[in-house]
Amino acid sequence: MAATGFKDYYAVLGVNRTASADEIKQSFRKLARKYHPDVNPDDKTAEAKFKEVSEAYEVLSDADKRKKYDQYGQYWQQASRAGGGTPYGSPGDMGGFDFSNYGSFDEFINELLGRFATPGGGSARSYPYGSPGAGPGGPGFGYETAPTQSFDQEASIRLTFGEAFNGAQKRLRIGNDSVDVRIPSGVKQGSKIRLKGKGPINPYSKQPADIYLVVQLEGHRFYTLEGDSLTAEVPIAPDEAVLGGKIDVPTPDGSVTMNLPAGVRSGQTLRLRGKGWPRPKGDRGDLLIKVVITPPTSLSDSERQLYEQIRDGRTTNPRQSLANTRL
């Protein structure tokens, strides 16, 4: 792919560059269903969009391709062909430039960026391509006339599930200063919150560096977070599993009544749409309720008699299909 044909695959799938593999898969499935040719017959625009999201998913779902894409941006395919050290092919691989003088793509980039030397003789700073801080070339290429050392810093910040879900205001001590930090709603494990200009002074630029707070999310006794979905286990009684009915379940917005279908199995998952984790665009993921049939540990005499009547009158054998099982 030529540099002018570069596509931001993260933007195509509508995810952040830090998105997990599950988040990328979920977004792709949603877009693939939306633009699939079977759903949009004779719609050339939808067909083109379907091909574009498929192309993006092919790259970002492959760990090795994604790593090269994140590192080299618009030149990731040339880097892949280099094989980490084999010379490039024809000069046409990249706009007529001859790569045969370089042992790897990294050598080419480092020499290219080295042309932009600092007045004091220092070398230019090389960035991972497509990363924050990339220079005038935009995503996929950049340079900056600064020393190779970064003065930005990272620090951990622990948040409860409630603070991460609802957002919060925290007062932190940084050196001799107290800083009020706004935690946006919907941050996750590993999310980074930038404190601009709160780091040490860069002795070269004379400007303060940044501090990035890396979120450490504490566990919750009921909910777990998977992508944008909250998951939870809800116990039900055997009679509720057989007969179905309505049960009350907790959600982040308070208790709601959920329909329980008759004959539900233990481990079956029921979905409450829009009751999950907050998303950046303002909507919510789903709450996935995993049903766990929980038999009583102690029975009254009348309960035991009723269970015995059910046993004696049962007309089905749930293990009948196993009768002829052999190795």
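So, where does Asp210 lie? This is a predicted model, and in it Asp210 sits in the loop between strand E6, residues 192–195, and strand E7, residues 211–217. Now, is Asp210 buried or exposed? Its relative accessibility is 9%, and buried means under 20%, so Asp210 counts as buried. Who does Asp210 touch, if we skip residues up to four places away in sequence? The list is Phe151, Asp152, Gln153, Arg194, Leu195, Lys196, Gly197, Lys198 and Gly199.

Lys206 comes out as exposed, because its relative accessible area is 58% and the cut-off for exposed is over 50%. There's something to notice in its backbone, too: phi of Lys206 is near 65°, a positive value in a residue other than glycine. For background, most residues other than glycine have a negative phi.

Where else do we find a positive phi? Have a look at Asp42, which has a phi of about 65° and is not a glycine either. Asp42 lies in the loop between H2 and H3, and with a relative accessible area of 81%, Asp42 is exposed.

Ser150 is in the loop between strand E2, residues 143–144, and strand E3, residues 153–159. Ser150 is partly exposed, at 35% relative accessibility. Count along the chain and Ser150 and Ala209 are 59 residues apart, while their C-alpha atoms are separated by 8.4 Å.

Lys30 and Leu13 are 17 residues apart in sequence, and from C-alpha to C-alpha they are 9.4 Å apart in space. As for the surface, Lys30 counts as exposed, at 53% relative accessibility.

Okay, on to helices. How do the axes of H3 and H4 cross? Helix H3 covers residues 44–60 and helix H4 covers residues 63–72; their axes come within 6 Å and cross at roughly 100°. The two helices are therefore roughly perpendicular to each other. On the H3 side, the contact is made by Glu58, Val59 and Leu60, and on the H4 side by Lys65, Arg66 and Tyr69. Sort those residues by class and you get three nonpolar, three charged and no polar.

Now for some empty space. Rolling a probe the size of a water molecule over the atoms shows where empty space is left. The second largest pocket has a volume of about 190 Å³. Which residues line this second largest pocket? They are Pro238, Asp239, Val242, Leu243, Glu303, Leu306, Tyr307 and Ile310. Helix H8, residues 238–243, and helix H9, residues 301–313, are the elements that give two or more residues to that lining. By class, the lining has six nonpolar residues, two charged and no polar.

One last stop: Ser229, in strand E9, residues 229–236. Ser229 has a relative accessible area of 12%, so Ser229 is buried. Leaving aside residues up to four places away in sequence, Ser229 touches Thr224, Asp286 and Leu288.

Find Asp210, which counts as buried, and then Lys206, which is exposed.

Notes: Residues are numbered from 1 along each chain as its sequence is written. This is a predicted model: local features need pLDDT of at least 70, side-chain atom pairs count only at pLDDT 80 or more; totals for chains, interfaces and linings use all residues. Side-chain values use heavy atoms; hydrogens and water are left out. Axes are lines fitted to C-alpha atoms, for helices over the stretch in contact, and angles run from 0 to 180 degrees between N-to-C directions. Helices (H or I, at least four residues) and strands (E, at least two) are DSSP runs, numbered from the N terminus. Angles under 35 degrees count as roughly parallel, over 145 as roughly antiparallel, 65 to 115 as roughly perpendicular and the rest as oblique. Contact means heavy atoms within 4.5 Å. Ala, Val, Leu, Ile, Met, Phe, Trp, Tyr, Cys and Pro count as nonpolar, Asp, Glu, Lys and Arg as charged, and the others, Gly among them, as polar. Buried means under 20% relative accessible area, exposed over 50%, partly exposed in between (1.4 Å probe, protein chains only). On a 1 Å grid over the protein atoms alone, a cavity is a set of points where a 1.4 Å probe fits but cannot get out, and a pocket is an open set with protein on both sides within 12 Å along at least five of seven lines; lining residues have an atom within 4 Å of a point. Grid points are joined across faces, edges and corners, and a volume is the space filled by probe spheres set on the points.
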